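Please read the numbered points with the sequence and the coordinates at hand.

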Amino acid sequence: VLLVDTTLSDEVCTEESSWRTAWELDVTMIMFPPSLDTASEQFSTGELAGCDGLPASWNKIITDTTFPVAKGTVLTITCDTGYLLSGSNEVTCDNTNSYSYTSEPTCVL
């Protein structure tokens, strides 16, 4: 398991009051052996998953949203200049690169 950009703090490390003495250096990566891993199952099953971009099949569809986004995030979408949007202008991130919508968005000339 690989953790990146994790901030250690008194709020995060509530069970170990001496965490500061153990972590005097900036921590950029922590690796846990599988026997101590309590989070990967949530990520691998999609429980905490999100979307890291629009599907490649949505040709010419654009958004101002910065990725990745969390599951449940509603994105407003439009089309590249010269194209018109047909279908929903809002889509909701269901899980990794999967979106729900009322009518599939497409861009037409």
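1. Basis and overall make-up. The structure is a predicted model. Its chain contains 2 helices and 11 strands. Read from the N terminus, the elements follow the order β-α-β-α-β-β-β-β-β-β-β-β-β.

2. The chain has 109 residues, and 21% of them count as buried.

3. The three-stranded sheet. An open sheet is built from 3 strands in the order β6-β9-β10, with antiparallel pairing. Strands β6 (74-76) and β10 (98-100) stand at the edges; each has a single partner strand, so one side of each lacks a neighbour in the sheet. From one strand to the next, the twist averages 40 degrees.

4. Pairing of β6 with β9. Strand β9 covers residues 90-95 and pairs with β6 in the antiparallel sense over 3 bridges. Thr76 is placed opposite Glu90 of β9, and Val74 is placed opposite Thr92 of β9.

5. Pairing of β9 with β10. These two antiparallel strands are joined by 3 bridges. Asn95 stands opposite Ser98 of β10. The strands β9 and β10 form a hairpin that has 2 residues between them, and Asn97 in the turn has a positive phi of about 55 degrees.

6. Disulfides as a set. How many disulfides does the structure hold? There are 2 disulfides. When the bonded cysteines of the chain are numbered in sequence order, the pairing reads 1-3, 2-4. Each link is described separately in the next two points.

7. The link of Cys51 and Cys93. Cys51 is joined to Cys93 by a disulfide with an S to S distance of 2.2 Å. This link of Cys51 and Cys93 is right-handed, with 100 degrees about the S-S bond. Cys51 belongs to strand β3 (residues 50-51) and Cys93 to strand β9, so the pair ties together parts that are 42 residues apart in sequence. Cys51 is buried at a relative accessible area of 1%, and Cys93 is likewise buried at 1%. Through Cys93, the link reaches strand β9, a member of the open sheet in point 3.

8. The link of Cys79 and Cys107. The sulfur atoms of Cys79 and Cys107 are 2.0 Å apart and form a disulfide. About the S-S bond the value is -90 degrees, and the link of Cys79 and Cys107 is left-handed. Cys79 lies in strand β7 (residues 78-79) and Cys107 in strand β11 (residues 106-108), so this pair ties together parts 28 residues apart in sequence. Both Cys79 and Cys107 are buried.

9. Thr63 and its surroundings. Thr63 sits in the loop between β4 (61-62) and β5 (69-70). Which residues does Thr63 contact, leaving aside its neighbours within four places in sequence? The contacts are with Leu54, Leu75, Thr76 and Ile77. The side chain of Thr63 reaches the backbone oxygen of Thr76 at 2.8 Å; Thr76 is also the residue that stands opposite Glu90 in β9. A polar contact of 3.0 Å is made between the side chains of Thr63 and Thr65. Thr63 and Gly53 are separated by 10 residues in sequence and by 9.6 Å in space, C-alpha to C-alpha.

10. Ser88 is located in the loop between β8 (84-86) and β9. Is Ser88 buried or exposed? Ser88 counts as buried because its relative accessibility is 7%, under the 20% cut-off. Its side chain is joined to the side chain of Thr102 by a polar contact of 2.8 Å. Not counting residues up to four places away in sequence, Ser88 touches Ile77, Tyr101, Thr102, Ser103 and Pro105. Ile77 is also among the contacts of Thr63.

Note on methods: Residues are numbered from 1 along each chain as its sequence is written. This is a predicted model: local features need pLDDT of at least 70, side-chain atom pairs count only at pLDDT 80 or more; totals for chains, interfaces and linings use all residues. Side-chain values use heavy atoms; hydrogens and water are left out. Two strands pair if DSSP finds at least two bridges between them. Helices (H or I, at least four residues) and strands (E, at least two) are DSSP runs, numbered from the N terminus. Axes are lines fitted to C-alpha atoms, for helices over the stretch in contact, and angles run from 0 to 180 degrees between N-to-C directions. A disulfide is a pair of cysteine sulfur atoms within 2.5 Å. Buried means under 20% relative accessible area, exposed over 50%, partly exposed in between (1.4 Å probe, protein chains only). Contact means heavy atoms within 4.5 Å. A polar contact is a pair of N or O atoms within 3.5 Å; within protein, one must be able to donate a hydrogen and the other to accept it, and residues adjacent in sequence count only if both atoms are side-chain atoms.
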